[in-house]
Amino acid sequence: MLMEVNSEQIRLLRARQETEVQALVERHYSAIYRYLYRYVGSADLAEELCQETFLKAYAALPRLADDSNLTAWLYKIATNEAHQYHRRRRLLAWLPLQLGHIGDQGHEGRVVEHDAVHRVLARLPEAYRSALLLQIWAGLNCAEIAAVLGRSEPATRTLLLRARQRFRSLYEEAQS
């Protein structure tokens, strides 16, 4: 569904002109939703990611280039949202594996384990939780985490080590 967009439409979108923004959403919402549904396999999750896609697109409208391909731009945002969702899910899968709890669990077991991971993360000090989530969930390396947290790389490595140790300790305690 590639549509020609003229410079006046782009100007109106950059200005967040309400009728033009609404028309953009109406033209593309169902296609983006269907794409996300196929990507994540859940209607509710696809709806949530689709809404996030259009919220991020709205926030980025003032930076829209004159020669923008709106369809490709929206699909790129949607793809990034889906990737971000999968990175968050990897956190839940990764943390228990690091604790030596490898095993064939059914759906119910995975749900219980995910809940346990969330409870343990909530009990961590803010600095530990932030460092772990930036590394595992956001996929940042030590230098990037250091920049985000305003710490040196050696201090960040130590923080990550202590965060993993504390997580393991709290997780094992919760399993007892």
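Which residues in α1 meet E20, V21 and L24 in α2? They are Q9, L12 and L13. Contact here means heavy atoms within 4.5 Å. Helices are DSSP runs (H or I, at least four residues), numbered from the N terminus.

This is a predicted model: local features need pLDDT of at least 70, side-chain atom pairs count only at pLDDT 80 or more, and totals for chains, interfaces and linings use all residues. Residues are numbered from 1 along each chain as its sequence is written, and side-chain values use heavy atoms, with hydrogens and water left out.

**Two helices crossing**

The axes of α1 and α2 come within 8 Å and cross at roughly 105°. That makes α1 roughly perpendicular to α2 (65 to 115 degrees). The axes are lines fitted to C-alpha atoms over the stretch in contact, and angles run from 0 to 180 degrees between N-to-C directions.

**The cores**

A nonpolar core is a set of buried Ala, Val, Leu, Ile, Met, Phe, Trp, Tyr and Cys residues joined through side-chain atoms within 4.5 Å. Buried means under 20% relative accessible area, exposed over 50%, and partly exposed in between (1.4 Å probe, protein chains only). The largest nonpolar core has 23 residues. L13, I32 and W73 are among those with the most contacts inside it. Helices α1 (7-14), α2 (18-40), α3 (43-60) and α4 (70-98) each supply at least two of its residues. Apart from this core lies another, of 18 residues, including V117 and L132.

I32 touches C50, T53, F54, L74, Y75 and A78, not counting residues up to four places away in sequence.

E81 sits in helix α4. E81 is buried, at 5% relative accessible area. E81 and A46 are 35 residues apart in sequence, yet 10.0 Å apart in space, C-alpha to C-alpha.

**Aromatic pairs**

The structure holds five aromatic pairs. Rings of Phe, Tyr and Trp (its six-membered ring) pair if their centres lie within 6.5 Å; planes under 30 degrees apart count as stacked, over 60 as edge-to-face and the rest as tilted. Two of the pairs are set out here.

| Pair | Ring centres | Planes | Type |
|---|---|---|---|
| Y29 and F54 | 5.4 Å apart | 25° | stacked |
| Y35 and Y75 | 5.3 Å apart | 80° | edge-to-face |

Y29 lies in helix α2 and F54 in helix α3, 25 residues apart. Y29 is partly exposed at 22% relative accessible area, whereas F54 is buried at 10%. Y35 lies in helix α2 and Y75 in helix α4, so their pair ties together parts 40 residues apart in sequence. Ring pairs link Y35, Y39 and Y75 into a cluster.

Notes: Angles under 35 degrees count as roughly parallel, over 145 as roughly antiparallel, 65 to 115 as roughly perpendicular and the rest as oblique.
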